[in-house]
Amino acid sequence: RHHHLHRIHRRVSVTTPNANSSIITTHFAVLLIIAAATIFSHHNIPSASAMRLVIQRVKTASVTVDQKQISSIGPGTLALVGLHLDDTETDLQYCAKRLLAIKLWENANGAPWRQHVKQKEYEILCVSQFTLYGTLSKKNQPDYKLAMKADGAQKMYNQFLDMLKEGYEEDKISDGAFGEMMDVGLVNDGPVTLVIDSREGMMGKQMMSSLPGIDNGDGDGKKSNGER
C-alpha cells in the first residue's frame, strides 16, 4: 500500500507543474492580446488604408497617349501607383522613401541587391494605376470602390511626385498622364517585380515604436552610405 501511495504522490507532483504552466501561458497570452489592443486603440493604427506600388526594374520604359509618346526612361524603375481611398500624407512619405531606397542593382563588385536608383543615377517613371485596388464581384466584374476618387487622387499623386523630386533630382522623375488611357511599354530587367504596401510597413513600425525600450532600427532621418 505504501508503495502504491508513493506512486500516486509522484504522479501528482509531476502533473501539477504542467497545470501551473498552462495557467501561466494562458495568462501571458491574454496579456499580449490586451497589450496589442491598447497599442491599436492609443495609436490609431490604420486597418484599411494602404498606398500600393508595383515596382519593376527596367532597361527601358515609356508611356504613349493617343499614339504619341509623352515620357520615356532608360535603365531605372517603373512604378505603378495605386491610392487607397483612406490614404494620407504619411502613406505618400512612406512609399516615396521606399521607392528611392529600394536596392535593385548590383554594386561595383558585382554583389546583387546592393544599390538603389540614386546610387546608380538611374531614372524613375511613375504611372497612376487606380486598378491596383480593383476587386471582383460575384459576376467577376471589377469594382474599384476602394480606390481614391479622381480629384483627391490626382492631388495626392502630384504630391507624391513632388516628394520623389525633392528626395532625388527633378529631371530623373517622369510621369504618365493621370486619368488618361495609356499604353505603357517596358523591358523588365530580370524580370524583377516587387510590391510596396504602406500599411504593412507603417503598422509594424508603429507597433514596435509603441513598446518601451524598443528601437525600430530603420534609421529614420539618417542617410545610408552612398546616398545623397
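1. The second largest pocket of this predicted model has a volume of about 420 Å³, where a pocket is an open set of points on a 1 Å grid over the protein atoms alone, at which a 1.4 Å probe fits and which has protein on both sides within 12 Å along at least five of seven lines. The grid points are joined across faces, edges and corners, and the volume is the space filled by probe spheres set on them.

2. The lining of this pocket, meaning residues with an atom within 4 Å of a point, comprises 19 residues, and Ser128, Gln129, Phe130, Thr131 and Gly179 are those nearest the centre. By class there are 12 nonpolar, 5 polar and 2 charged residues, with Ala, Val, Leu, Ile, Met, Phe, Trp, Tyr, Cys and Pro counted as nonpolar, Asp, Glu, Lys and Arg as charged, and the others, Gly among them, as polar. At least two lining residues come from each of strand E3 (76-82), strand E6 (123-128) and helix H4 (150-167), these elements being DSSP runs numbered from the N terminus (helices H or I, at least four residues; strands E, at least two).

3. Strand E3 is mostly covered, for 7 of its 7 residues are buried, that is, under 20% relative accessible area, with exposed meaning over 50% and partly exposed in between (1.4 Å probe, protein chains only). E3 pairs with strand E1 (residues 52-65) in the antiparallel sense over 7 bridges, and with E6 in the parallel sense over 6 bridges; pairing requires that DSSP finds at least two bridges between the strands. Valine 81 in E3 is the bridge partner of leucine 53, while leucine 78 stands opposite leucine 125 in E6.

4. The whole structure holds 3 salt bridges, each a side-chain nitrogen of Lys or Arg within 4 Å of a carboxyl oxygen of Asp or Glu. In one of them, aspartate 197 and arginine 52 have their closest N and O atoms 3.7 Å apart; aspartate 197 lies in strand E10 (residues 183-197) and arginine 52 in strand E1, so the pair ties together parts that are 145 residues apart in sequence.

5. Aspartate 197 is buried, with a relative accessible area of 10%.

6. Residues are numbered from 1 along each chain as its sequence is written, and side-chain values use heavy atoms, with hydrogens and water left out. Local features need pLDDT of at least 70 and side-chain atom pairs count only at pLDDT 80 or more, whereas totals for chains, interfaces and linings use all residues.
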